[in-house]
Amino acid sequence: MPTGPEPVTADPPASADRPPLRRRLLPVIALLLLAPWAAECSWGGFAIDDFLPVLIFLGPMYGGAAILIRETARHLGAGWPTIVLLAAAFGVLQAGLVDQSLFNPDYLDDTQYADTRAAAEASLVPGLEFSLRQAFDYVGNHIVLTICAPIVLIESFVGPERRLRPWLGRPGLAVVGVIYLLGSLLIFSDSSGRKDFLASPLQLAFAAVLVLALVAVALLPRWRRAVPRRPRRVPHPLWAGLLIVLVRIGADLTPGWAGVTIALSLAAAAGGLIAYWSSSGGWGQRHVLVTGTAGLVTAASFAYLVPPYSPASPAAALAGDVAVTIITVALVGGAWWRLRASPAVHVAAS
């Protein structure tokens with residue numbers, strides 16, 4: 001996962017040099033559409049004929065959250081620590097308060113993942129009655145797929161002069177905020193969203209307190225301080241991406257509490273190592289791109305091995321998996337080419 005806050009200059013003044021509205025909105029619209037696709041389709045969750053409904057119905061919620069998180073961090077002059085922490089807060093908010101899948105033991109019973117219930121219940125947290133294994137998966141996937149990978153990709157496509165700057169002003173943020181709230185309310189009230197389940201007051205309070213705590217940590221001033229770069233060597237971006245792939249694979253090797261412990265330890269170790277590498281002056285946007293999209297590439301690679309939520313014809317399922325491969329390769333390859341074609345920009349670290 002990319003890390004380290006990048007110093008951001010103040011918002012560009014409204015002048016003749018300001019890009020036209022269409023150009024300023026293009027990355028926002030792209031992020032609005034990419035976030036739901038990465039969250040639900042990139043790992044094989046839906047067949048190809050369900051891609052468009054996913055974008056329409058889940059775009060306001062997932063895309064709205066990605067935009068709000070990205071814009072909040074960039075307006076504050078903060079970087080990836082803030083984005084990752086806000087993404088974690090969104091993951092808890094989504095799974096704990098909106099669709100409440102974190103606390104609903106029957107949530108996957110009407111899908112092709114009903115057989116995962118026993119493995120989830122092997123790591124139940126006493127008193128709160130939720131699976132720590134599912135919490136790691138749900139929140140981790142929201143961090144990696146819903147928020148970070150789409151932001152990394154879109155920021156890599158835009159020019160370096162706009163990469164770390166806000167794209168929306170206050171009116172735009174207000175509009176996106178309303179879109180996000182309406183999208184979340186739709187999922188909360190829809191029978192296929194929350195599935196007529198309501199968590200206990202204790203569970204809801206726990207999730208709300210955790211969300212507030214993550215947001216508070218994300219907004220700490222320390223993430224907005226520029227730290228001098230250290231003159232140390234950094235690995236090639238592909239080695240940093242390989243680290244994320246190994247963590248993703250290793251996190252699923254063992255079930256139960258042992259598996260959760262291994263998964264959390266691997267994630268913490270990888271995060272610490274990337275934080276160490278990113279404090280070097282040699283850590284650039286291509287490193288951020290590879291570490292931020294390695295989870296997406298891994299998910300897309302395994303899409304052929306997992307079934308969609310609902311039964312689909314073999315042709316539709318295969319077409320969806322092939323489409324996932326093509327879209328992922330085009331996005332990551334195009335962003336890599338775009339960065340090679342643009343001037344090198346180093347990313348300062350925390």
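Select Ser156 first: its side chain reaches the backbone oxygen of Val152 at 2.8 Å, a polar contact (a pair of N or O atoms within 3.5 Å; within protein, one must be able to donate a hydrogen and the other to accept it, and residues adjacent in sequence count only if both atoms are side-chain atoms). The model is predicted, so local features need pLDDT of at least 70 and side-chain atom pairs count only at pLDDT 80 or more, while totals for chains, interfaces and linings use all residues. Residues are numbered from 1 along each chain as its sequence is written, and side-chain values use heavy atoms, with hydrogens and water left out.

Stay on Ser156. This residue lies in helix α5, residues 132-157; helices (H or I, at least four residues) are DSSP runs, numbered from the N terminus. Ser156 counts as buried because its relative accessibility is 0%. Here buried means under 20% relative accessible area, exposed over 50%, and partly exposed in between, with a 1.4 Å probe and protein chains only. Apart from residues up to four places away in sequence, Ser156 touches Arg163, Gln285, Leu289, Ala335, Arg338 and Leu339, where contact means heavy atoms within 4.5 Å.

Next, show the core. The largest nonpolar core has 84 residues, and Trp37, Ile83, Ile147 and Leu153 have the most contacts inside it. A nonpolar core is a set of buried Ala, Val, Leu, Ile, Met, Phe, Trp, Tyr and Cys residues joined through side-chain atoms within 4.5 Å. Helix α5 gives the most to this core, with 12 residues. In soluble globular proteins, nonpolar side chains tend to be buried together. Select Ile83: leaving aside neighbours within four places in sequence, its contacts are Ile69, Ala73, Arg74, Ile147, Cys148 and Ile151.

Move on to the cysteines. How many disulfides does the structure hold? The count is 0, a disulfide being a pair of cysteine sulfur atoms within 2.5 Å. From Cys41, the closest cysteine sulfur is in Cys148, 19 Å away, which is too far for a bond. Cys41 is buried, with 0% relative accessibility, and Cys148 is also buried at 0%.

Then select the aromatic rings. There are 8 aromatic pairs; rings of Phe, Tyr and Trp (its six-membered ring) pair if their centres lie within 6.5 Å, and planes under 30 degrees apart count as stacked, over 60 as edge-to-face and the rest as tilted. One of these joins Phe46 and Tyr309 edge-to-face, at 5.4 Å centre to centre and 65° between the planes. Phe46 is in the loop between α1 (21-41) and α2 (51-76), and Tyr309 is in the loop between α11 (285-301) and α12 (314-341), so the pair ties together parts 263 residues apart in sequence. Tyr309 is partly exposed, at 22% relative accessibility.

Now go to Lys195, in the loop between α7 (170-189) and α8 (201-218). Lys195 lies over the face of Tyr107, 4.2 Å from the ring centre; a charge sits over a ring if NZ of Lys or CZ of Arg is within 6 Å of the ring centre and within 35 degrees of the ring normal. Lys195 is not a glycine, yet has a positive phi of about 60°, and its 22% relative accessibility makes it partly exposed. Select Arg194 as well: its charged end sits over the ring of Phe188, 4.2 Å from the centre.

Finish at Glu129, in the loop between α4 (117-121) and α5. Glu129 has a positive phi of about 55° although it is not a glycine, and is partly exposed at 43% relative accessibility.

Terms used
Helices (H or I, at least four residues) and strands (E, at least two) are DSSP runs, numbered from the N terminus.
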